[in-house]
Each structure stands twice: as structure tokens, then as C-alpha cells.
Amino acid sequence: MIFLEILLLALGFALLVKGADWFVEGASGIADKFGIPQLVIGLTVVAMGTSAPEAAVSITAALKGNADITVGNVVGSNILNVFIILGIASVITSIAVAKTTIRYEIPIMLIITLLLLFFGTTGGIINLPEGVILLVCFIAYLGYMFIMMKRGEMQAEEIEATQRPIWKMLLMGVVGLVLIIWGSDITVDAATSLAKMFGMSERFIGLTIVALGTSLPELFTSVVAARKGKADIAIGNIVGSNIFNILFVIGTSALIIPIVFAPEFVIDCVVAILAGVVLWVCTFRTKKLTRTGGIIMLICYVVYFVYLLVK
């Protein structure tokens, strides 16, 4: 039974990763065929595509009343994105950081994490009005990115023009979306079952196993880019993904059902804020994340993981 649930969890992760890949490729191809500017495609479809697993899993968990997985997945993914993904990538090679990321995006990430913590600790739930506020902030953030990219202060994601027919792009997009939804449903059910079997809390499962699984697209992208020496925008993409996770994923989930914010998540949010501070401190002076900074981040995650185990 346990082996079956582990297989289902692995299947769910595989569906999420492949689904996100096909969805991004299909949607980007369709947008390109209709002459939508590459800047807009990169700003929306591609930038959010790697966060599609987090969105699908968290929203599915909210629908099923598993709030601990909803919040744990988002906060856990944000911690993993910084400490593990950027840690591993920067150990492979030093990662340059854009001035706008240091000056604006990392502080924005810290502020919205504090906002999530404030919403969660006032009443113990993230309700509908707070969800609306998060989504309004998300729209404002999209506007900020668009303005910055228009000014040429932010690099847009490069997308190769596709030669595939539009029907094939449409099919890829639809199938990708179906795989994401299906994968998220399997992942949430398997993770919940495993938590009960091993006597672990849904919070622990959400913060670790599910968070790692839904962060696989970011992990693969950043590590491959680092190995190819093209990781100069990796930090900006990770920070943007973290902002998306809180503003859009939690915001949308709160529109569906009030999200219960367990007291234990206070520590996890503080760790997420600490991750942002460590990233900012490690990059503020040198404008790059070096191997030393990456090792510090990996050590920080090990300490946090041990805390989760003994808690």
C-alpha cells in the first residue's frame, strides 16, 4: 500500500512536470502564431508556466479542504526555490544578478511574504477579501514587470519561434493543462495518504515532499542553465516564481475557500523571509551569487529540514 502511494506520488510529479512543459510550449506557440509580442509571452505564459504545478496542487488541495498542503506547498516551494535550487545552481557556477532584482524584486518578495504572514496571523485564516488583495497586488506586479521590460531594464525570456501547425500547439496546450490538473489531483491524494500512513502532518508533507515535487520545473531549468553557463537570469526567474506563488496561488485559493493558517506556519514564513534576506545579503555587494553563497544556502536548508524532522 505504501509502495503504491509512493508510485502514485512519483506519477503525479511526472505528470506535473511534463504537463507544465507541454502547456508552456503549446501556449507560447499559439501566442507566437497570433503575433503576440515575445515580451508579453515571456512575461505571462513562460514566466508562470514553471509555477503551474504549485498552482494546481495548492488550488486542488484548497478544494479538498487540505489547507496545510495549500500553504505548505507554497511556502515550502519558496524556501526550496531559494535555498536548494539557487544553492545548487550557484555551486555549479556563479550566477549574475540583475540590478532590478536586487533593488526591486527581492524586496517585493520579502514584503509580500510579510503580507502573507500578517494575513495568516490575523484571525488564523486567509479569507476572501485578503485573497482579492493578493490578486490585485499580483496584477500590479505584472504591470510593474511590463513597464520595466518596456524600459529595457528587465530581460525578457527568449522563446524560439515554432514551425509546428497551430492545431498541434493547441493540442499540446490542452493536453499539458489536463496533465497538470490530473497530476495535481494524484499528488495531493498520494501525499495526504502517505502523511496518514507515516503519522506525519500534512504540513510536513506539503513543506518538503510536495514542495520539492512541484519545484522540479524550476530545479531542472536552473541547474541545466547553470551547467550551460546561461544562468544569468535564474535568480530573477526564481524570485518572480516566489512572488507568483504567494500572490496568485494563495490569492486564487482564498477565493475558492478560506485558507486555514496553522500557527506552525509562522516559523515557516519567517524562514521564507530569512531565505530572501540571505539571498539579498549574498548578492547585494557583488551583484552575483557565488559558490560560497550557494553553500551557505544549502546549509541553511539542512538546518531547516532538521528542525522539521525533530519538531
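A nonpolar surface patch is made of residues with over 30% relative accessible area and no salt bridge, whose nonpolar side chains (Val, Leu, Ile, Met, Phe, Trp, Tyr) are joined within 5 Å. Accessible areas come from the Shrake-Rupley method with a 1.4 Å probe, and for residues only the protein chains shown count as cover.

The model is predicted: local features need pLDDT of at least 70 and side-chain atom pairs pLDDT 80 or more, whereas totals for chains, interfaces and linings use all residues. Residues are numbered from 1 along each chain as its sequence is written, and side-chain values use heavy atoms, without hydrogens and water.

**Nonpolar patch**

Leu-63, Leu-128, Val-132, Val-136, Leu-255, Ile-256 and Ile-257 make a nonpolar surface patch of about 580 Å². Helix 6 (128-150) and helix 10 (234-256) each supply at least two of its residues; helices are DSSP runs of H or I with at least four residues, numbered from the N terminus. Helix 6 contributes the most, with 3 residues. Leu-255 belongs to helix 10 and is partly exposed, at a relative accessible area of 39% (buried means under 20%, exposed over 50%, partly exposed in between).

**Salt bridges**

The whole structure contains 3 salt bridges, each defined as a side-chain nitrogen of Lys or Arg within 4 Å of a carboxyl oxygen of Asp or Glu.

| Pair | Closest N to O distance |
|---|---|
| Lys-64 and Asp-189 | 2.6 Å |
| Arg-203 and Asp-268 | 2.9 Å |

Lys-64 lies in the loop between helix 3 (52-63) and helix 4 (67-92) and Asp-185 in helix 7 (residues 166-197), so this pair ties together parts 121 residues apart in sequence. Lys-64 is partly exposed at 35%, as is Asp-189 at 36%. Arg-203 lies in helix 8 (residues 202-214) and Asp-268 in helix 11, so their pair ties together parts 65 residues apart in sequence. Arg-203 is buried, at 9%, and Asp-268 is buried, at 0%. Through shared partners, salt bridges join Lys-64, Asp-185 and Asp-189 into one network.

**Cavity**

Helix 5 (99-121) and helix 11 (265-284) each supply at least two lining residues, with the largest share, 3 residues, coming from helix 5.

Note on methods:
Patch = residues over 30% accessible without salt bridge, like charges linked within 9 Å, V, L, I, M, F, W, Y side chains within 5 Å. Buried < 20%, exposed > 50% of the residue type's maximum accessible area, 1.4 Å probe, protein only.
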